[in-house]
Amino acid sequence: MRTSTMATVALLGTGIMGAAMARNLLKEGHRVSVWNRTRSRAEPLAADGATVAGSPAEAVEGASVIITMFNDGDTTLTALAEAVPALRAGQIWAQMSTAGIAVLDRLAGFAAEHGLTFVDAPVQGTRQPAEQGALVILAAGPVDARPALEPVFGAVGKKTLWLDEDGASGAGTRLKLAAVSYGISMTSIVAESLALTKALGLDPELFGEVVTGGPMDSPYLQAKMKAILAGDFSTSFAVRNAEKDTRLIHEAAESGGIRLDLNDAAGERFRRALEQGHGDEDMAATYHASFSG
């Protein structure tokens, strides 16, 4: 539920997801300061009403909520370290990137060292849900931080699942890895099925005629199949980010004492697609990995 309560938000990391989240925060009337390592990726947000900061410290100055939306945990920690001069005890840090389990202790430790309230809150969803403010937020953090986060999360997401009262537990990150593993594996399966249809001398669109409307059909299958058939790999979730996530998922599976064969095979496909030059395309470009030597 959206509310009229306004927050002062610092959003660090304005890639595909972060920029869309910033715009939705601004639409809801929040005051938003943004920073990105490549400033040119943050500057367009000025037209939407954001303050484009020259440094992480400048961005977090006076913010009640800090959101980080980077590609990995090390980048996140580097940015927050640069913000130290302007951090103040009591600020809420919503870590919304998919950073993986291994780095959680360092993230939570940094927060504790600087008096920040740490909330582990990765998001489920890609470009379109981010632009629509329809992400699902998988959150773990103290109960007393939630009222301040409700209007912020309500601006960027359609639903927040509170999973634990301690952000350091990483319950949000753990569930995110399980959810993203599904999307990654599904994308790889669709890509392989279409590639096999073509390799066997048939029109790949025939595969769609077989599955559409049946028990194996889904909106997700339709979206990825349509992209591959049209050769439209406009980025919703990039190959390089998907490949990174397969490594995080592998690490998480090892920590839980299990094997995830589909995830690991998907990672190999993404690495081949990267070598072919498809790293910045949508992960549906894993289709091309079937045709490498």
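Predicted model: local features only at pLDDT ≥ 70, side-chain atom pairs only at ≥ 80, totals over all residues.
**Nonpolar cores**

The largest nonpolar core comprises 35 residues. Within this core, the residues with the most contacts are Leu 25, Val 34, Ile 67, Met 96 and Phe 153. At least two core residues each are supplied by strands E1 (8-12), E2 (31-35), E4 (65-68), E5 (92-95) and E8 (135-140), and likewise by helices H1 (16-27) and H6 (146-156). H1 provides the largest share, 7 residues.

When neighbours within four places in sequence are left aside, Ile 67 contacts Val 9, Ala 10, Leu 11 and Leu 12, together with Met 21 and Leu 25. Ala 94, Met 96 and Val 152 are also in contact with Ile 67. Apart from this core lies another, of 26 residues, which includes Leu 221, Phe 237, Ile 249 and Ala 252.

**Helix packing**

Two packed helices are described by the angle between their axes and the distance between the axes.

| Helix pair | Angle between axes | Distance between axes |
|---|---|---|
| H10 (residues 239-255) and H11 (residues 261-275) | about 150 degrees | 9 Å |
| H7 (residues 171-199) and H10 | about 130 degrees | 10 Å |
| H7 and H9 (residues 219-230) | roughly 45 degrees | within 10 Å |

The angle of about 150 degrees between H10 and H11 lies over the cut-off of 145 degrees, and these two helices are therefore roughly antiparallel to each other. Their crossing is left-handed. On the H10 side, the contact is made by Val 239, Arg 240, Ala 242, Glu 243, Thr 246, Arg 247, Ile 249 and His 250. These residues meet Asn 263, Asp 264, Ala 266, Gly 267, Phe 270, Arg 271, Ala 273 and Leu 274 of H11. By class, the contact of H10 with H11 contains 7 nonpolar, 4 polar and 5 charged residues.

H7 and H10 are oblique to each other, and their crossing is left-handed. From H7, Leu 177, Val 180, Ser 181 and Ile 184 take part, meeting Ala 242, Asp 245, Thr 246, Leu 248, Ile 249 and Ala 252 in H10. The contact of H7 with H10 consists of 7 nonpolar residues, 2 polar residues and 1 charged residue.

**The loop residue Gly 13**

Gly 13 occupies the loop between E1 and H1. Its relative accessibility is 1%, so Gly 13 counts as buried, the cut-off being under 20%. Although Gly 13 and Phe 70 are 57 residues apart along the chain, their C-alpha atoms are separated by 5.3 Å. Not counting residues up to four places away in sequence, Gly 13 touches Gly 18, Trp 35, Asn 36, Met 69 and Phe 70.

How values were computed: Residues numbered from 1 in each chain as written. Heavy atoms only, no water. Axes fitted to C-alpha atoms, helices over the stretch in contact; angles between N-to-C directions. Helix = DSSP H or I, 4+ residues; strand = E, 2+ residues; numbered from the N terminus. Parallel < 35°, antiparallel > 145°, perpendicular 65-115°, else oblique. Left-handed = near helix turned anticlockwise from the far one by under 90°. Contact = heavy atoms within 4.5 Å. Nonpolar A, V, L, I, M, F, W, Y, C, P; charged D, E, K, R; others polar. Core = buried A, V, L, I, M, F, W, Y, C linked by side-chain atoms within 4.5 Å. Buried < 20%, exposed > 50% of the residue type's maximum accessible area, 1.4 Å probe, protein only.
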